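Please read them beside the coordinates.

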Amino acid sequence: MLWVAILALVMTVAAVAVAGRRALFLFKLATSGPPAPERIEYAKTHVPEELKAQIVEVFGQKKLLKWTPSGVAHFFVMWAFFILLTVYIEAYGAIIQGAITGEPDFHIPIIGQWAVLGFLQDFIAVACLLGLVAFAVIRIKNSPKTEGRKSRFFGSHLGGAWLVLFMIFNIIWTLFLARGAASANGNLPYSSGAFVSIWLGDILPASDLLEEIALLLHIGFMLVFLVIVVNSKHLHIFTAPLNVLFSRRPDGLGEAPEMRIDGKPVDFEDEDLDPEKLGRGKIADTTWKGFLDFYSCTECGRCQSQCPAWNTDKPLSPKMLILDQRDHAFKVAPYLLPGADTSHAGQDVLALLEKPLVGEDGVIHPDVLWSCTNCGACVEQCPVDIEHIDHILDMRRYQVMVESSFPSEAGVMIKNLENKANPWGMSEMKRADWIEELDFEVEVVDEKLSEDTEYLFWVGCAGALEDRAKKTTKAVAELLHIAGVKFAVLGPMEACTGDPARRLGMEFIFNMLAKQNIETLNEVGAKKIVATCPHCFNTLANEYPQLGGRFEVVHHTQLLAKLVDEGKLVPINPIEEKITYHDPCFLGRHNKVYSQPRDIMSKVPGVQTQEMHRHKDRGFCCGAGGARMWMEERIGKRINTERVDEALTTDPDTVSTACPFCLVMLGDAINEKKNGGQAKESLEVVDVAQLLIRSVKS
């Protein structure tokens with residue numbers, strides 16, 4: 001047995017050295033860019049949340065189990081890695097003990113002969129084999145060769161995935177061979193429980209040589225697998241728990257992250273501010289958290305399969321956005337590492353180093369960058385907590401503020417925000433015009449909110465200036481009036497929250513508008529705010545605290561649902577209609593408000609609700625987010641048309657929603673369908689508040 005121990009030792013030292021060298025390289029590469037101290041600080045100060053995330057997402061596989069067949073298969077394969085560590089302890093123990101005493105009957109102290117452990121080892125190994133079969137079937141069934149872009153594996157590195165499956169298979173069959181041979185020789189620690197190993201022991205001949213060869217094969221395949229893992233997409237086995245640890249909680253949705261330079265929030269009033277450092281222009285500008293995203297991508301394609309841009313034949317794939325950056329980073333890695341010497345580099349290398357992240361000849365094509373709606377479907381579905389939107393926003397910031405390169409029509413919106421504080425460029429005096437259409441008075445704040453005012457109603461630019469959205473504004477105002485809720489509006493004092501600017505990448509304009517609004521809200525004494533626009537709601541609630549603006553913010557559907565539950569609003573008039581509800585991305589995925597709009601509709605007599613195929617956390621975007629509301633959609637099928645096509649499959653009388661952007665986008669698509677004779681003339685899209693006011697008013 002001595003020769004086995006020597007060979008095993010040599011193999012182990014060699015494999016660990018190779019894997020360790022690769023791990024050190026990956027660490028140096030990740031830390032070659034700007035720091036991200038906020039990630040470490042957040043993890044330190046949110047230990048309970050991070051611990052819960054590890055238990056639920058890493059060990060519990062919550063996100064993966066949403067995709068039941070592949071999720072269950074992955075659950076067992078992953079747990080096989082944990083549980084079968086005990087088998088490797090036994091294998092190395094048997095080799096060492098055999099070399100010393102000549103008797104390789106090693107068992108783990110205390111638990112090593114427990115039948116339950118033996119059963120668990122064999123059970124998880126069998127489950128792992130079945131998981132591998134499931135993975136193979138899923139990959140063959142969803143092969144890009146047959147499914148094309150519909151395959152979530154389109155664009156993935158397929159060869160590496162099959163190699164890993166093959167290596168795991170080799171590990172499992174050699175495990176059973178080694179344990180079966182040990183059982184045949186009387187060296188298996190378990191007299192019962194290990195049902196497969198004991199059964200094999202009854203079949204295999206008693207042979208010390210077979211046991212020794214089987215042990216070496218098993219350890220050898222494991223060591224080769226280790227080297228493959230640190231050089232492949234399966235690196236996520238080690239990096240995914242870290243990526244989950246340093247991700248935002250509850251997820252990377254809601255607020256957009258602050259813009260930082262060298263780990264510190266940007267101060268646009270700083271005279272020494274280096275504009276070239278705004279956003280991310282080259283791969284070297286990527287923080288270590290960005291590299292963790294690269295390393296953790298499993299290439300599963302769940303993000304891609306849910307992306308509204310990809311599903312409407314646009315070039316954006318969230319998966320390939322990450323993979324393209326990762327592949328480029330590895331190409332230039334030798335010249336990014338600390339102490340790298342580029343003095344003797346050739347023109348090709350220098351060109352690669354200077355290659356922009358975004359551009360016609362860049363790592364990411366501009367059409368990819370500007371196709372994103374910030375809907376959050378990618379982040380929601382990613383099982384390893386990659387924050388795709390953060391990457392997109394950082395690249396957009398550089399393109400907008402440094403390169404001045406963005407869709408031309410968005411430039412009009414930016415000028416309007418800068419000059420008129422609203423995307424349409426209308427006079428601020430028009431913000432209160434909708435009040436004249438009501439038959440009761442609405443308080444417009446002059447200097448301070450009245451002491452008995454419960455809520456400041458944040459109307460928003462669309463709610464005040466866009467005709468279709470005004471209907472929602474008036475409905476909400478009437479409902480609050482009927483319920484006896486004292487509220488007031490800012491009127492001309494209100495300015496755009498800055499969401500369109502921030503999501504476009506123009507952080508400077510967002511910063512300007514946000515500080516202006518925070519000052520106004522503090523001056524008038526606002527404490528509780530109700531907003532009808534999910535984009536305003538998200539910005540006020542989640543992003544203004546970054547600049548010191550902390551307020552209690554609710555969406556109008558949350559407040560209205562509460563008033564209905566309290567009996568202050570009583571739906572009495574039946575609405576005999578079949579209604580399908582569209583989840584706004586910034587209300588649903590970004591802020592997890594799914595139940596309240598549905599609760600309101602369920603209380604309206606006569607309403608029959610029918611869910612679209614894609615709803616709640618898998619809801620499909622209307623196409624307006626990420627500042628896309630102010631950009632032309634020239635590639636592929638229009639996202640709002642795709643969504644309305646899905647709505648029409650429910651044969652609705654009405655499509656309801658809870659967002660002014662969705663109201664406009666879906667309304668436009670429905671009108672197109674009407675003109676083409678593909679939708680009934682009576683079909684309309686309305687806000688949930690409009691349905692409620694119809695039922696409440698006598």
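1. A polar contact is taken here as a pair of N or O atoms within 3.5 Å, where, within protein, one atom must be able to donate a hydrogen and the other to accept it. The model under review is predicted. With that cut-off in mind, the side chains of His 535 and Asp 499 make a polar contact at 3.4 Å.

2. His 535 belongs to helix H24. Its relative accessibility is 7%, so His 535 counts as buried. Setting aside neighbours within four places in sequence, His 535 is in contact with Asp 499, Phe 586, Gly 625, Cys 659 and Phe 661.

3. What is the strand order of the five-stranded open sheet? The order is S3-S5-S4-S6-S7, and the pairing is parallel. Strand S3 (443-444) and strand S7 (552-555) are at the edges; each has a single partner strand, so one side of each is left without a neighbour in the sheet. Helix H24 (residues 534-543) packs on this sheet and touches S4, S6 and S7, and its direction makes about 160° with that of S7.

4. Leu 456 stands opposite Ile 529 of S6.

5. A further open sheet is formed by four strands in the order S9-S8-S10-S11, again with parallel pairing. Its edge strands are S9 (608-609) and S11 (684-687), each of which pairs on one side only. Strand S10 (residues 654-657) pairs with S11 in the parallel sense over four bridges, and Ser 656 stands opposite Val 686 in S11.

6. Which helices lie across strands of the four-stranded sheet? Helix H26 (residues 595-603) lies across strand S8 (578-581), S9 and S10, and runs at about 170° to S8. Helix H29 (residues 688-696) lies across S8, S10 and S11, and runs at about 85° to S11.

7. Gln 558 is found in helix H25 (residues 556-565). With a relative accessibility of 22%, Gln 558 counts as partly exposed. A polar atom of the Gln 558 side chain lies 2.8 Å from the backbone nitrogen of His 555. Leaving out neighbours within four places in sequence, Gln 558 is in contact with Phe 537, Val 593 and Gln 596. Gln 558 and Asp 599 are 41 residues apart in sequence, and their C-alpha atoms are 9.6 Å apart.

8. Is Glu 576 buried or exposed? Glu 576 is exposed, with a relative accessible area of 60%. Glu 576 lies in the loop between H25 and S8. From Glu 576 to Phe 661 the separation is 85 residues in sequence and 26 Å in space, C-alpha to C-alpha.

9. The largest nonpolar core has 154 residues. Those with the most contacts inside this core are Trp 434, Phe 457, Leu 504, Leu 521, Leu 569 and Leu 692. Not counting residues up to four places away in sequence, Trp 434 touches Phe 457, Val 459, Ala 464, Lys 470, Thr 473, Lys 474, Ala 477 and Val 489. Another core, of 38 residues, lies apart from the largest one; among its members are Ala 125, Leu 165, Leu 175 and Ala 214.

Terms used. Residues are numbered from 1 along each chain as its sequence is written. This is a predicted model: local features need pLDDT of at least 70, side-chain atom pairs count only at pLDDT 80 or more; totals for chains, interfaces and linings use all residues. Side-chain values use heavy atoms; hydrogens and water are left out. Helices (H or I, at least four residues) and strands (E, at least two) are DSSP runs, numbered from the N terminus. Buried means under 20% relative accessible area, exposed over 50%, partly exposed in between (1.4 Å probe, protein chains only). Contact means heavy atoms within 4.5 Å. Two strands pair if DSSP finds at least two bridges between them. Axes are lines fitted to C-alpha atoms, for helices over the stretch in contact, and angles run from 0 to 180 degrees between N-to-C directions. A nonpolar core is a set of buried Ala, Val, Leu, Ile, Met, Phe, Trp, Tyr and Cys residues joined through side-chain atoms within 4.5 Å.
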